[in-house]
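These are my notebook entries on one protein chain. I set down what I looked up, in the order in which I looked.

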Amino acid sequence: MSGTKVLRSLLHELRQASPNGCIKDNLAARYILAQYKKFETTDQQLCKARNEAIFLGQTYLTYLSSQRNYTELYKEFHGRGERSVRDTADLVGFKLPTDPK
């Protein structure tokens, strides 16, 4: 994955984690952008730590996406007390038989 794709993915995950969806004043986003500008490769400058910066960005991206997935799963499956038989069947994907009257 290229550096630009990792940066865009990181900013997307930060936007997902933000309560209002805006990362304009987010300190983490500012830090990430500063680090990517610091390790940017130009014609005049050869950055030897470029691959290290991309690897670190991918590591943070994995962490952020895993945290988001964990939160979603926790909200969906966290115990809310006793569930009815119908709720449990819907949770695991079964259909209950209907009673003909």
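**Entry 1: burial and the model**

I began with burial and noted that 17% of the 101 residues of the protein chain count as buried; buried means under 20% relative accessible area, exposed over 50%, and partly exposed in between, with a 1.4 Å probe and protein chains only. I recorded that this is a predicted model, in which local features need pLDDT of at least 70, side-chain atom pairs count only at pLDDT 80 or more, and totals for chains, interfaces and linings use all residues. Residues are numbered from 1 along each chain as its sequence is written, and side-chain values use heavy atoms, with hydrogens and water left out.

**Entry 2: confidence**

I looked up pLDDT, the predictor's confidence in each residue, from 0 to 100. The mean for the protein chain is 83, and 90% of its residues reach 70 or more.

**Entry 3: elements and overall form**

I found four helices and zero strands in the protein chain; helices (H or I, at least four residues) and strands (E, at least two) are DSSP runs, numbered from the N terminus. The radius of gyration of the protein chain is 22 Å, well over the 13 Å that the globule rule gives for 101 residues, so the chain is more spread out than a compact globule. That radius is taken over C-alpha atoms, and the rule is 2.2 Å times the number of residues to the power 0.38. I also noted that the C-alpha trace spans about 80 × 25 × 20 Å along its principal axes.

**Entry 4: contacts**

I took contact to mean heavy atoms within 4.5 Å. Of the contacts in the protein chain with a separation of 6 or more, 44% are between residues 24 or more positions apart.

I then asked where glutamate 13 is placed. I found glutamate 13 in helix α1, and it is buried, at 7% relative accessible area. Apart from neighbours within four places in sequence, glutamate 13 is in contact with Leu61, Leu64, Ser65 and Arg68.

With neighbours within four places in sequence set aside, leucine 61 is in contact with Ser9, Leu10 and Glu13. The C-alpha atoms of leucine 61 and leucine 7 are separated by 8.9 Å, although the two are 54 residues apart along the chain.
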